[in-house]
Amino acid sequence: MANIASARKRARQAEKRRTHNMSLRTTVRSAIKNVKKAIAAGDKSAAERALQASQSVIDRIAAKRVLHPKAADRQKRRLSRAIKALP
């Protein structure tokens, strides 16, 4: 454990930031999961609506650098490709 006051404060800040980032990451995963559920159901219009909603969530989290921007682009690309493949 840190002995210096500034190091203790840094440890507190890091823990707070970690828990906040974890909740943001969970939000992204839930958004992706909602799109995948719509794709699995085979409902193309519902999947497109879910993708539209999830894209804004993914972009917002990537802008905060919680999720790497290229990883965010890859997720969006894979989801949109899966929707395009639906009949």
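Modeller: A crossing of two helices is called left-handed if the near helix is turned anticlockwise from the far one by less than a right angle. The model above is a predicted one, and in this model the crossing of α1 and α2 is left-handed.

Colleague: What angle do α1 and α2 make, and how far apart are their axes?

Modeller: Two packed helices are described by the angle between their axes and the distance between the axes. Here α1 and α2 pack at about 165 degrees with their axes 9 Å apart, and because angles over 145 degrees count as roughly antiparallel, these two helices are roughly antiparallel to each other.

Colleague: How are α1 and α3 oriented to each other, and which residues make the contact?

Modeller: The axes of α1 (residues 5-41) and α3 (residues 69-84) come within 10 Å and cross at roughly 15 degrees, so the two helices are roughly parallel to each other. On α1 the contact is made by Ile-32, Val-35, Lys-36 and Ile-39, and on α3 by Gln-75, Leu-79, Ala-82 and Ile-83; by class, these residues divide into six nonpolar, one polar and one charged.

Colleague: Which members of the largest nonpolar core touch the most other members?

Modeller: In soluble globular proteins, nonpolar side chains tend to be buried together. The largest nonpolar core in this model has 21 residues, of which Val-28, Val-35, Ile-61 and Leu-67 touch the most other members, and the elements giving two or more residues to this core are α1, α2 (44-63) and α3. Leaving aside residues up to four places away in sequence, Ile-61 touches Leu-24, Val-28, Val-66 and Leu-67.

Definitions and conventions
Residues are numbered from 1 along each chain as its sequence is written. This is a predicted model: local features need pLDDT of at least 70, side-chain atom pairs count only at pLDDT 80 or more; totals for chains, interfaces and linings use all residues. Side-chain values use heavy atoms; hydrogens and water are left out. Axes are lines fitted to C-alpha atoms, for helices over the stretch in contact, and angles run from 0 to 180 degrees between N-to-C directions. Helices (H or I, at least four residues) and strands (E, at least two) are DSSP runs, numbered from the N terminus. Angles under 35 degrees count as roughly parallel, over 145 as roughly antiparallel, 65 to 115 as roughly perpendicular and the rest as oblique. Contact means heavy atoms within 4.5 Å. Ala, Val, Leu, Ile, Met, Phe, Trp, Tyr, Cys and Pro count as nonpolar, Asp, Glu, Lys and Arg as charged, and the others, Gly among them, as polar. A nonpolar core is a set of buried Ala, Val, Leu, Ile, Met, Phe, Trp, Tyr and Cys residues joined through side-chain atoms within 4.5 Å. Buried means under 20% relative accessible area, exposed over 50%, partly exposed in between (1.4 Å probe, protein chains only).
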